[in-house]
Amino acid sequence: MHTQSDRYPPISPKCPHMLHGGDYNPDQWPTEVWAEDMRLMKAAGCNAMSVGIFAWSRLEPQEGQYEFGWLDRIMDMLAENDAFAILATPSAARPAWLDARYPECCKVTAEGQRRDHGMRHNFCWSSPAFREKVTAINTRLAERYGTHPALLMWHVSNEYGGEGSGAPCYCELCQAWFRDWLRDRYDNDIETLNHAWWTAFWSSRYESFDQIDAPGPLGERAIHGLTLDWKRFNTHQAIDFYRHETSTLKRITPDVSCTTNFMWAFEPQDYWQWANEVDIVSWDGYPGWHCRGDDVREAAGAAFNHDLFRSLKAGRPFMLMESVPSVTSWFPVCKLKRPGMHKLSSLLAIAHGSDTVQYFQWRKSRGATEKFFGAVVDHVGHEDTRVFGDVAELGRVLKKLDGVVGTTVRSEVAVLFDWPTRWAVSAMSGLGHRHRNYLGTCMQHHAAFWTMGIGVDVIDQTVALDEYRLAVLPMLYMLRPGMAEKIERFVADGGTAVMTYWSGIVDEHDLCHLGGWPGGGLRKVFGVWDEETDAICEDDVQRLVLSEGNELGLAGEYEIHQLCALIHAEGATVAGTYGEDFYAGRPALTVNHYGDGKAWYVAARTGQDFLDDLYGRLASDLGLRRTLDATLPQGVTARMRTNGETDYVFVMNFTDAVAGVDLGETTFADVVNGGEVAGRLALPAYGVAILSRPAVEA
Ligand code: GLA
Ligand code: ZN
């Protein structure tokens, strides 16, 4: 939640505009191509290129022998062409000489096997030799380019932990570091750890920290406390490595911002732990347009990520560091973006708080694994392509959005999505593998607000709830210290909370709460005791039957799938009951008036239909601010960025048909085309309009 009325500074003071560009690999191309690249960048309206991400072997072809001439030239050429470099540290991919001379740089697998040289992102976080070599090259880059006019910011490494789904390193150094981290976490007391991990189970008790190994296929996998702490430690290691890289950059170039590019709600790294580490949040988004079901759901999924990455820094604009101008080559089906989708999907990011649209990749690689990955400049080599035209068109739009730079999104709603909770839900044995679906469940709840055009933040348990009016808590399985109290205060002070089945089950160590769920004191806040959970099969039928005269003012029935908690109302009012099976007639939806607020308990997993209706009613009851007053047509959403003086309204049609949108009484300015827009807005298939109005305060 953000309430300030001024705007955030631009990503870099050097360029107070929307950034547009992408990963540029001149190190793969002969020098003759570079001048043409510059011409084409101008033609595409690009102003910021990520350079040198995987260029270590060109920068240091032999140990200690540096070749910066080519990068000098590129930096100069960018500056001469009014463009900037998001300059990378090259640690993401290692030159052959490095691994040959220092094999300890290569990661060790869970089976204990040292990996061979090759690929990328697969280094050991601990290796002293690797850290030393990274410092050496980073020092030279910072010293050489720190004051170069083209240097916009640092792009530290690339997608930390990215290859092999974040497989950690299991070498002896990393394991020893893990043991030290555990000593620190458990006050050097092995009995504290034994209790937290419940090691009386299966004779798992440790006598000393030295006996602990990382969990893995050849060893311990049954102790969830160990699994969770190993996950936490993996984030700690990556952050420590980031600090190692940035300590050099910060020493030499203290005024240049640093970022590292995050990935789509990436399971192995708790990005909330990263929030204060990076100066600017950036992430790489590759939604599967036209491929994975319908575009509206895909857009809502991308929006969930945008909202998450903006929320990491409490509303500060983030960077879309990578996206694809055409085809993502590693998709199961490599479908082309339909006309309009490039502009629409890029502006979706802007609408949610990005101040950049960056691509992977600028020029399509000629060989190797990314030679068919979408690029601004295709193998044909000129600008007369459909994709280049789409990019250039977006470039023209972005040039009109100076006013949007630094504005933010205001949200009265928070959806809680928490990494340790997610790790614990996927580690557990229970409910049924496909039934858990923590991320998908959080996304479903978020989507209800997205389709209504209501601003929503995606937060974790470390974030304060006070400034929100509605807190959505899907599957809050794990209660971290202080969370239950925070919810209690929030509701007592007048907030509305919606929590679901499978909440308040364990503590931060994954130890079950005793004495009835939801634990931690939430039983009294929600006025229910959640006794047991029925996981039902695909062809089982279950229904939510809304009670007559319920507080939502909704009537009828909704389908229930997968999970049904058998709850007892202990003070809560029953708003809906189960329709089938031995628990027919028992409560499935309740609301408890607690203090000045309300606590809803959704005991079963429903489809999107019920969530849309539930949150639609709550939004009306609470008078939550919608971007546009009128109901939006199916597949169209409206998002808003504001600086408290001007609202920028993005109306986006994710369907392949023309849509008419009712703009109500307001007359808007058309930010891109000029002129005024009022009444009914016609959006073509995959169309988008950017409108502005004097800020409407809540
Ligand atoms: C990731 C990487 C890029 C590139 C793209 C496309 O996001 O960061 O270097 O490999 O994927 O595959
Ligand atoms: Zn290691």
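**View 1. Helix α7 ends at Trp-198, a residue with a positive phi near 55°.** Everything here comes from a predicted model, in which local features need pLDDT of at least 70, side-chain atom pairs count only at pLDDT 80 or more, and totals for chains, interfaces and linings use all residues. Residues are numbered from 1 along each chain as its sequence is written, chains are lettered from A and ligands numbered from 1 in the order in which they are written, and side-chain values use heavy atoms, with hydrogens and water left out. Helices (H or I, at least four residues) and strands (E, at least two) are DSSP runs, numbered from the N terminus. Helix α7 itself covers residues 190-197, and Ile-190, Leu-193, Asn-194, Ala-196 and Trp-197 are its buried residues. They line one face of the helix, because they fall within an arc of 165° seen down the axis of α7; the arc is that of the directions from the helix axis to the C-beta atoms. Buried means under 20% relative accessible area, exposed over 50%, and partly exposed in between (1.4 Å probe, protein chains only). The cover over these buried residues includes α6 (172-185) and α8 (224-252).

**View 2. Four cysteines hold the zinc ion (ligand 2).** The SG atoms of Cys-124, Cys-169, Cys-171 and Cys-174 are its protein donors, lying 2.3 Å from it. Donors are N, O and S atoms within 2.8 Å of the metal (3.2 Å for Na, K and Ca); water is not among the atoms, so sites may look incomplete. The angles among the 4 donor atoms run from 104 to 115°, and the site is tetrahedral; four donors get that label if all angles lie between 85 and 135 degrees. Along the sequence, the donor residues follow the spacing C-x44-C-x1-C-x2-C. Cys-171 is buried at a relative accessible area of 5%, and Cys-174 is buried at 0%.

**View 3. Strand β10 (residues 413-416) has buried residues pointing both ways.** In a regular strand the side chains alternate between the two faces of the sheet. Here Val-413 and Val-415 point one way, while Ala-414 and Leu-416 point the other. Two strands pair if DSSP finds at least two bridges between them. β10 pairs in the parallel sense with β11 (residues 456-459) over 4 bridges, and with β12 (residues 470-473) over 3 bridges, also parallel. Val-413 has Val-456 as its bridge partner in β11 and Leu-470 as its bridge partner in β12.

**View 4. An open sheet of 5 strands runs in the order β21-β22-β27-β24-β25.** The pairing is antiparallel. At the edges sit β21 (636-642) and β25 (676-677), each pairing on one side only. Further in, 2 bridges join β24 (residues 668-670) to β27 (residues 688-694), and Asp-670 stands opposite Leu-691 in β27.

**View 5. Glu-570 sits in the loop between β16 (557-569) and β17 (573-578).** This residue is partly exposed, with a relative accessible area of 35%. Leaving out residues up to four places away in sequence, Glu-570 touches Arg-523, Gly-527, Val-528 and Trp-529, where contact means heavy atoms within 4.5 Å. The side chains of Glu-570 and Arg-523 make a polar contact (2.7 Å). A polar contact is a pair of N or O atoms within 3.5 Å; within protein, one must be able to donate a hydrogen and the other to accept it, and residues adjacent in sequence count only if both atoms are side-chain atoms. Glu-570 and Asn-592 lie 22 residues apart in sequence and 9.1 Å apart in space, C-alpha to C-alpha.

Technical notes:
Tetrahedral: all angles 85-135°; square planar, octahedral: opposite > 155°, others 65-115°.
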